[in-house]
Amino acid sequence: MSRPIGIFDSGIGGLTVFKSLAALLPHEDLLYLGDTARVPYGTKSAKTVTRYAHQNVRFLLKQNVK
């Protein structure tokens, strides 16, 4: 079974990266996680952003991403 590449987007620009990766790597499966529920990250403390990032990475790792 092929493992997908995980992409985490904390706000703006992630879909552009996703589209570029899909074009560059057409034979790869991609798994996109857009954390739109908690944007904007720029108004949050560093501690909060770190916590969000860890939560999102844990989710992606549970999906067995590369």
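Predicted model: local features only at pLDDT ≥ 70, side-chain atom pairs only at ≥ 80, totals over all residues.
The side chain of E28 meets that of K66 in a salt bridge, with a distance of 2.7 Å from N to O. This pair links distant parts of the chain, for E28 lies in the loop between α1 (14-24) and β2 (30-34), while K66 lies in the segment after α2, 38 residues apart. K66 itself counts as exposed, with a relative accessibility of 52%.

Side chains of opposite charge can pair when their charged atoms come close.

## Salt bridge between D35 and R38

The count of salt bridges comes to two, and D35 and R38 form one of them, their closest N and O atoms being 3.0 Å apart. D35 is buried, because its relative accessible area of 8% falls under the 20% cut-off. R38, by contrast, is partly exposed, with a relative accessible area of 21%.

## Surroundings of N56

N56 is found in helix α2, which spans residues 46-62, and with a relative accessibility of 6% this residue counts as buried. When its neighbours within four places in sequence are left aside, N56 is in contact with F8, L33, D35, R38 and Y41. Among these contacts are D35 and R38, the two residues that form a salt bridge with each other.

Notes:
Residues numbered from 1 in each chain as written. Heavy atoms only, no water. Helix = DSSP H or I, 4+ residues; strand = E, 2+ residues; numbered from the N terminus. Buried < 20%, exposed > 50% of the residue type's maximum accessible area, 1.4 Å probe, protein only. Contact = heavy atoms within 4.5 Å. Salt bridge = Lys/Arg side-chain N within 4 Å of Asp/Glu carboxyl O.
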